[in-house]
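Take a look at the model below. Some questions and answers on it follow.

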2 protein chains.
Amino acid sequence: MKLYDLAGSPNTRRVRIFLAEKGLEIPIVAVDMAKGENRTPEFLAKNSLGKLPVLELDDGACIAESVAICRYIEELHPEPPLFGRDMLERAKVEMWNRRMELEILVPAMQAFAHSHEMWRGSLRQLPDWAGACREQITARYTWLDHELADRTFIATADYTVADITAQCAVLLAKGACGIRVAADQPNLAAWWERVSARPTARA
Amino acid sequence: MKLYDLAGSPNTRRVRIFLAEKGLEIPIVAVDMAKGENRTPEFLAKNSLGKLPVLELDDGACIAESVAICRYIEELHPEPPLFGRDMLERAKVEMWNRRMELEILVPAMQAFAHSHEMWRGSLRQLPDWAGACREQITARYTWLDHELADRTFIATADYTVADITAQCAVLLAKGACGIRVAADQPNLAAWWERVSARPTARA
C-alpha cells in the first residue's frame with residue numbers, strides 16, 4: 001500500500017493526520033503538481049481527476065478522495081475508532097464531517113483559489129466569490145463556537161475524523177485566507193488549542 | 001422515526017430515493033422553508049443550521065445531512081446494500097459519492113442559487129460564479145461520460161448511493177440550470193435513462 005501525497009494540501013493532510021492517529025506509517029510518494037506530475041497518463045490512470053491524495057493498494061487498485069481513503073483505513077485498522085463507536089455515533093460523525101467539509105473547508109478552498117496569487121493563471125479568479133466565501137466562514141465560526149459550548153470535540157466525546165476535517169479547514173482559512181478564530185469565540189479557540197496540541201497535528 | 005422533508009430539494013430527494021430503494025416508508029413531516037418553518041426555535045433545536053433533511057429518532061435524537069441519514073438507514077436495514085458489499089466496494093462508493101457531490105451536485109446548487117430568481121433577495125447573486133459552476137458541470141459530464149464507458153452504474157456493478165447523488169445532481173442541473181446531457185455523451189445518457197426508469201426515481 002502506498003499514498004500519493006501533495007505537501008500543503010488540506011485533503012492530503014487529512015489522510016496524514018488520520019494515519020498518524022492510527023499509529024500507521026505507509027510509504028509516501030510525493031507528487032509535484034507544479035511540475036504537472038498529477039497530469040501524466042500514469043497518474044491519471046490512478047485518478048482520472050488528477051487530484052490528490054490517492055491510496056494505491058498492493059494489487060494496483062486505487063482509491064481517491066481523502067475520506068474514502070480514511071474509511072478504508074478505518075476498516076483495516078479499527079482502533080482507535082475515528083468514525084464513531086456505534087450506529088448513532090457513526091451517523092453523528094458523518095453529519096459533522098460533512099458540515100465541516102461543506103460549510104467550512106470547501107468555502108476556504110474556494111476563497112483561497114479565488115484570491116491567492118498562487119492560483120492566478122490556473123483559473124479565472126472571482127474576488128466577489130472569494131469575499132462571499134470568507135463571509136460564510138466567519139458566520140460558521142460563530143455558529144461552531146456556540147455548538148462547542150458543551151463539548152470537547154466536534155462530533156462525539158472522542159476525537160474523530162470530523163475534528164481532522166475541521167482542523168484542516170481552520171488551518172487553511174488561517175494560512176491561506178487570513179481568517180482567524182475571533183477573540184469572542186472562546187469555545188472554538190479552546191477546541192483549536194486542544195487539537196493543535198495533539199502529537200499528530202503536524203503530520 | 002420521522003423524516004423532516006422539503007419538496008424539490010436535491011438533498012431531501014436523495015434520502016427519499018434511498019428509503020424507496022430499501023422498500024421503507026417512514027412518516028414524513030413537510031417543512032415549508034418559504035414560510036420560515038426551518039428557522040423556528042423548535043426546528044433549530046433539531047438542526048441548528050436550519051437545513052433539511054433531518055431524521056428524528058424515537059428518543060428525539062436528530063440526524064441532519066442526507067448522507068448521514070442514509071448511512072444510519074443502511075446500518076438499520078442492510079439490504080439491498082447501497083454503500084457497497086465489501087471493504088473495497090465501500091471505499092469506491094464513498095469515493096464516487098464524494099465525486100458526484102463535490103464535482104457536480106455542489107456546483108449545480110451554486111449555479112442555481114447564483115442565477116435563479118427564486119434566490120434573488122436571499123443572497124447576493126454572482127452571475128460570474130454561476131457561469132463558472134456551469135462550465136465545471138459541463139466539463140465533468142464529459143469526464144463522467146468517459147468513465148461510464150465500461151460500466152452500468154457509477155461506483156460498482158450495483159446501483160448505489162453514488163448513483164442517487166449523481167441522479168439528483170443531474171436532475172437539478174437540468175431543471176434549475178438548463179444543463180442537459182449532450183448528444184455526444186452516450187454513456188452518460190444511457191446511465192441517466194437507466195436510473196430514471198427505476199420505480200424509485202420519483203420518490
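Q: How do you know how much area chain A and chain B bury between them?
A: Buried area is the accessible area (1.4 Å probe) that two parts lose on being put together, summed over both. In this predicted model, chain A and chain B bury about 3600 Å² in that sense. Carbon and sulfur atoms account for 58% of it. Met87(A), Arg98(A) and Trp129(A) supply 17% of the area that chain A buries against chain B, more than any other three residues.

Q: What makes a residue part of the contact, and how many does each chain give?
A: Contact means heavy atoms within 4.5 Å. On that rule chain A gives 41 residues and chain B gives 41 residues.

Q: What are the ground rules for numbers and names?
A: Residues are numbered from 1 along each chain as its sequence is written, chains are lettered from A and ligands numbered from 1 in the order in which they are written. This is a predicted model, where local features need pLDDT of at least 70, side-chain atom pairs count only at pLDDT 80 or more, and totals for chains, interfaces and linings use all residues; side-chain values use heavy atoms, with hydrogens and water left out.

Q: How do you know which helices and strands chain A has?
A: Helices (H or I, at least four residues) and strands (E, at least two) are DSSP runs, numbered from the N terminus. Chain A has 7 helices and 4 strands by this count. From the N terminus they run β-α-β-α-β-β-α-α-α-α-α.

Q: Why is chain A called as compact as a globular protein of its length?
A: The radius of gyration is taken over C-alpha atoms, and the globule rule is 2.2 Å times the number of residues to the power 0.38. For 203 residues the rule gives 17 Å, and chain A has 17 Å, so chain A is as compact as a globular protein of that length. Its C-alpha atoms fill a box of roughly 50 × 45 × 25 Å along the principal axes.

Q: Why is Glu65(A) called buried?
A: Buried means under 20% relative accessible area, exposed over 50%, partly exposed in between (1.4 Å probe, protein chains only). Glu65(A) has 12%, so Glu65(A) is buried. Its place is the loop between strand 4 (62–64) and helix 3 (66–76) of chain A. Its phi is positive, about 80°, although Glu65(A) is not a glycine.

Q: What about Glu65(B): buried or exposed?
A: Its relative accessibility is 13%, so Glu65(B) counts as buried. Its phi is also positive, near 80°.

Q: Why is Arg90(A) called partly exposed?
A: Arg90(A) has 31% relative accessibility, so Arg90(A) falls in the partly exposed class. Arg90(A) sits in helix 4 (residues 87–113) of chain A. Leaving aside neighbours within four places in sequence, Arg90(A) is in contact with Phe83(A), Gly84(A), Arg85(A) and Glu75(B).

Q: Where are cis peptide bonds found, and what is omega there?
A: One joins Leu52(A) and Pro53(A), with omega about 5°. Pro53(A) lies in the loop between helix 2 (41–46) and strand 3 (54–56) of chain A. Another runs from Glu79(B) to Pro80(B), with omega near -15°. Pro80(B) lies in the loop between helix 3 (66–76) and helix 4 (87–113) of chain B.
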